[in-house]
Amino acid sequence: MSEHGKNQVKRSRIVDAASRETGKKPARSNGGRSSGLGRIIIAVYGVLALSSTVRAVYQILLDFSAAPLAYLLSALAGIVYIVATLAMASKKPGSWKLSWYAVWFELIGVLVVGTLSFVLPVLFAHPAVWSHFGSGYGYVPLVLPLIGIWWLHKHRMPAKAQA
């Protein structure tokens, strides 16, 4: 590690120690959403974003006419996962609110598409990410938004910072 890097590490430890002595907590970068369990949640969202988007693009390019609704819904799911991943990892003002809306949209999408895939199976001759409540992805699309909503609720930002 360079001498400059060592000084940066030392300085941040000193600032943290001083903050503890005065009773102030060190400021968290984005409400603690990207540390600990938050990192795992963001990583899972990232993997789902990548896998569902690549799958949707592949299906749309190769055989769109076979199941246009299912493939377009998979593309929509991929976009929602990308937005949720980036917003959850972001430190920018408004990112918490965007994360909140994206994760709720995801949950509603999984529930609606999951239900429709059982009620109107002809529309889902080929599976989509959210069909059958995400069974093709080990039900992660059903469970992940519930965990995401809980995590975001636990790490909600003050109203002023959400805007």
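Trainee: Is L120 buried, partly exposed or exposed?
Mentor: This is a predicted model. In it, L120 is partly exposed, because its relative accessible area is 38%, between the 20% and 50% cut-offs.

Trainee: Where is L120 found?
Mentor: In the loop between α4 and α5.

Trainee: Which nonpolar surface patch is L120 in, and what else makes it?
Mentor: The patch covers about 910 Å². L120 makes it together with L69, W104, I108, V112, L116, F118, V119, V122 and L123.

Trainee: Which element gives the largest share of that patch?
Mentor: Helix α4, with 6 residues.

Trainee: Staying on α4, what about E106: buried or exposed?
Mentor: E106 sits in α4, which spans residues 95–119. E106 counts as buried because its relative accessibility is 0%, and the cut-off for buried is under 20%.

Trainee: What does E106 touch?
Mentor: Beyond residues up to four places away in sequence, E106 touches Y45, V80, Y81, W130, P141, L144 and P145.

Trainee: Which residues is F105 in contact with?
Mentor: L76, V80 and W130, leaving aside neighbours within four places in sequence. F105 and V80 are 25 residues apart in sequence, and their C-alpha atoms are 7.8 Å apart.

Trainee: Changing topic. How do α2 and α5 cross?
Mentor: Their axes come within 11 Å and cross at roughly 145°. The crossing is left-handed.

Trainee: Which residues make that contact?
Mentor: On the α2 side, L37, G38, I41, V44, Y45 and L48. On the α5 side, V140, P141, L144, P145, I147, W150 and W151. Y45, P141, L144 and P145 are also among the residues that E106 touches.

Trainee: Last topic, backbone. What is phi of F133?
Mentor: Near 60°, a positive value in a residue other than glycine. Most residues other than glycine have a negative phi.

Trainee: Where does F133 lie?
Mentor: In the loop between α4 and α5. F133 counts as partly exposed because its relative accessibility is 21%, and buried would need under 20%.

Trainee: What about phi of Y139?
Mentor: Phi of Y139 is near 60° and positive as well. Y139 is placed in the loop between α4 and α5, and it counts as partly exposed because its relative accessibility is 42%.

Key
Residues are numbered from 1 along each chain as its sequence is written. This is a predicted model: local features need pLDDT of at least 70, side-chain atom pairs count only at pLDDT 80 or more; totals for chains, interfaces and linings use all residues. Side-chain values use heavy atoms; hydrogens and water are left out. Helices (H or I, at least four residues) and strands (E, at least two) are DSSP runs, numbered from the N terminus. Buried means under 20% relative accessible area, exposed over 50%, partly exposed in between (1.4 Å probe, protein chains only). Contact means heavy atoms within 4.5 Å. Patches are made of residues with over 30% relative accessible area and no salt bridge: like charges are joined within 9 Å, nonpolar side chains (Val, Leu, Ile, Met, Phe, Trp, Tyr) within 5 Å. Accessible areas come from the Shrake-Rupley method with a 1.4 Å probe; for residues, only the protein chains shown count as cover. A salt bridge is a side-chain nitrogen of Lys or Arg within 4 Å of a carboxyl oxygen of Asp or Glu. Axes are lines fitted to C-alpha atoms, for helices over the stretch in contact, and angles run from 0 to 180 degrees between N-to-C directions. A crossing is left-handed if the near helix is turned anticlockwise from the far one by less than a right angle, and right-handed if clockwise.
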